[in-house]
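Visitor: Hi, could you walk me through this model? I'd like to go through it piece by piece.

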Amino acid sequence: MNNNELLNRLLGIQKLQVIKSDFIGEERVHLEVASILSVASCPDCGQLSNLVHDESEAQMIRDLSIAERQCYLVYRARRFKCEPCKKTFVERVEWKRANVSYTERYERYIYQRVRRESISQVAQDEGLSEEAVQGIFEYRAKKRRRHAAIRK
Ligand SMILES: [Zn+2]
């Protein structure tokens with residue numbers, strides 16, 4: 001198994017592959033990731049497109065720690081062109097919400113911790129601001145309430 005295959009398995013996010021890794025000091029690891037899919041579906045008409053229009057600047061997406069090192073995914077969101085609609089769109093991914101710099105599973109992890117610990121403790125341990133921790137917690141709490149309401 002080469003290094004990137006090992007990291008792919010550690011990362012365990014389907015549809016993403018690690019193309020580069022960097023250790024930043026003793027406490028951080030950066031994994032540069034790319035989608036393994038060559039197409040994305042248009043949010044307006046549902047048609048699959050393989051025409052990559054451009055890519056965003058690299059975004060740093062916080063993910064679960066690996067062996068006690070803070071882990072960031074270095075990710076470039078692709079913009080595809082939909083021929084039928086004559087429009088471009090940014091691909092959606094299931095491992096992260098749009099316009100948020102955390103993975104879904106990292107948000108879940110923070111939410112679970114805040115249920116047991118204080119916001120200031122979690123913020124300090126994770127190197128986040130208290131506002132960021134509060135924001136994640138409130139988003140997920142709201143989401144859970146919505147799910148509970150649907151089940152009734
Ligand atoms: Zn379309």
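Visitor: Which domains does the domain assignment give for the protein chain?
Guide: The assignment gives domain 1 (1-101) and domain 2 (102-152); such bounds come from an automatic or database domain assignment. Please keep in mind that this is a predicted model, where local features need pLDDT of at least 70, side-chain atom pairs count only at pLDDT 80 or more, and totals for chains, interfaces and linings use all residues. Residues are numbered from 1 along each chain as its sequence is written.

Visitor: How far apart are the C-alpha centres of domain 1 and domain 2?
Guide: Those centres lie 22 Å apart.

Visitor: And how many residues are in contact across the two domains?
Guide: Ten residues of domain 1 are in contact with seven of domain 2. Here, contact means that the C-beta atoms, placed from the backbone, lie within 7 Å.

Visitor: Which strand gives the most to the side of domain 1 that touches domain 2?
Guide: That is strand 6 (residues 59-66), with four residues. By class, this side of domain 1 has four nonpolar, two polar and four charged residues. In that scheme, Ala, Val, Leu, Ile, Met, Phe, Trp, Tyr, Cys and Pro count as nonpolar, Asp, Glu, Lys and Arg as charged, and the others, Gly among them, as polar.

Visitor: Stepping back, how many helices and strands are there in the protein chain?
Guide: The protein chain has four helices and nine strands. Both are DSSP runs numbered from the N terminus: helices are H or I with at least four residues, strands are E with at least two. The order from the N terminus is α-β-β-β-β-β-β-β-β-β-α-α-α.

Visitor: What does the C-alpha trace span along its principal axes?
Guide: The span is about 50 × 50 × 25 Å.

Visitor: On to the sheets. What is the strand order in the open sheet of four strands?
Guide: The order is 1-2-7-6, and the pairing is mixed. Two strands pair if DSSP finds at least two bridges between them. Strand 1 (16-24) and strand 6 each have a single partner strand, so one side of each is left without a neighbour in the sheet. From one strand to the next, the twist averages 30°.

Visitor: How many bridges join strand 1 to strand 2?
Guide: Eight, and strand 1 and strand 2 (residues 28-35) run antiparallel. In one of these pairings, Ile24 has Arg28 of strand 2 as its bridge partner.

Visitor: Which strands does helix 1 touch as it packs on the sheet?
Guide: Helix 1 touches strand 1, strand 2 and strand 6, and its direction makes about 100° with that of strand 1. Axes are lines fitted to C-alpha atoms, for helices over the stretch in contact, and angles run from 0 to 180 degrees between N-to-C directions.

Visitor: Leu10 lies in helix 1. Does it count as buried or exposed?
Guide: Leu10 counts as exposed because it has 12 C-beta neighbours inside 10 Å. A residue is buried if 20 or more other C-beta atoms lie within 10 Å of its own, exposed if 12 or fewer, and partly exposed in between, with C-beta atoms placed from the backbone.

Visitor: Last topic: which residues touch the most other members of the largest nonpolar core?
Guide: Leu31, Val33, Leu73, Ile110 and Val133 do, out of 16 residues in that core. A nonpolar core is a set of buried Ala, Val, Leu, Ile, Met, Phe, Trp, Tyr and Cys residues joined through C-beta atoms within 7 Å. Among the elements that give two or more residues to it are strand 7 (69-75), helix 2 (104-116) and helix 4 (130-151). This core draws at least three residues from each of domain 1 and domain 2.
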